[in-house]
Amino acid sequence: MLIIIFMNIIKRKIFNEIKNHLDKKEISLIVGPRQVGKTTIMNEIKKYLDKEGKKSIFLSLDYELDSVFFKSQEELLRKIKLNLGKDGGFVFIDEIQRKENAGLFLKGIYDLGLPYKFIISGSGSLELKEEINESLAGRKKDFFMGPVDFEEFVNFKTEYRYEDNLQDFFEIEKEKTFNFLKEYLNFGGYPRVILEETEKEKRSIIDQIFRSCIEKDIIYLLKSDRIDAFVLMIKILASQTGQLINYTSLATQTGLSVPSLKKYLWYAEKVFIIRMVQPFFTNKQKEITKSPIVYFIDLGLRNFSLNMFGRVEDNEQLGLIFQNFIYNKINKEIEGNLKSINFWRTKEGAEVDFVVRDGLSLLPIEVKFSNFLKAEISRSFRSFINNYKPKEAKVINLGLNTNKNIGNTDIKFVPYYKEITNK
């Protein structure tokens, strides 16, 4: 995708992913947080089709003049046929979550077998996440569009001079890469935040994004419920990034009942603010089995919730955000396949940051915001390896690139800049 503001351009990898799906009958459904560029990516795909001489129409439920065409399936089809004719074309629909019963509405049109390809986008809401998924099962492919990732960020910051050899840039320009990392850990990946030059402007944008999420999604979902409690919950979760959630304690802090708190956490996931990660366990007597941990989809939004936006310098805080950063990378990598990501904790306090499960295969991963001088692992990591005997394990760190063996387990110490370019 190209986002153009004052001649600045951020290219997004998802552009090619969606472009490669245009010849498939399935609906291309683009979902993600507000203001990550979903509308822009759709406009860029439309421009590409226009250049190819393909017919297309762009409709948005944000526009009052367009919304009248969604009163009925018949009205929408009349509009589509008027613009594209009966021989086919591409139909772009933006902000589909604004349409009541959107899943059934689209299912009815799709099942007519008409020669139109639908590319649809929407922000987080219950209708989009649940009802559309149920109604359009087998009729769509999801494309999750998150904030700009670190590769996209560095390519933009270096004006795409190293786009084809970014790994070489990381290897040679380690100090510049680390400075980019700290900037990204501080400000996150919302496109409009990246494109602003001053911290004051960036702060104003992230404030608008947070308010937009609350006002357009959360108020709608909670109706007259406790919005203040929801905002407080987000702030507390931001301060506990990567830590076990204690439902009782968090409910007390926010003034909510435990059932209400769990509902609010669910909403926070549905509108793409957080992701909850569940524990990995095989021994209920010795391992944590119920308490999840939380990571934020955007690091800047996490920092803003704590009034630390752009001002995180403390290594302990940077370490927590770095762990969140690596989680986002791993989660993106395993999306769309049968792998899962968990964490491991024992009741005695041993812990491993992430366990990626692929069938019966386990990959434990430790994340360290440290420059290791030699290959050393923690007692907790060694305990997991001894108990589960995985073929491979990883320690993602700031610079050490080497291997170490414990029994039959190959432990790879991987610099973060190698891990994030690992496809």
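Is the crossing of H12 and H13 right-handed or left-handed? In this predicted model, local features need pLDDT of at least 70 and side-chain atom pairs count only at pLDDT 80 or more, while totals for chains, interfaces and linings use all residues. Residues are numbered from 1 along each chain as its sequence is written, and side-chain values use heavy atoms, with hydrogens and water left out.

The crossing of H12 and H13 is right-handed (the near helix is turned clockwise from the far one by less than a right angle). Helix H12 (residues 227-239) and helix H13 (residues 247-254) pack at about 130°, and their axes are 9 Å apart. Helices (H or I, at least four residues) and strands (E, at least two) are DSSP runs numbered from the N terminus; axes are lines fitted to C-alpha atoms, for helices over the stretch in contact, and angles run from 0 to 180 degrees between N-to-C directions.

An open sheet of five strands has the order E4-E5-E6-E3-E7, with parallel pairing (two strands pair if DSSP finds at least two bridges between them). Strand E4 (56-60) and strand E7 (140-144) stand at the edges with a single partner strand each, so one side of each is left without a neighbour in the sheet. The twist averages 15° from one strand to the next. Strand E3 (residues 27-31) runs parallel to strand E6 (residues 116-122) and is joined to E6 by four bridges. Leu 29 stands opposite Ile 120 in E6.
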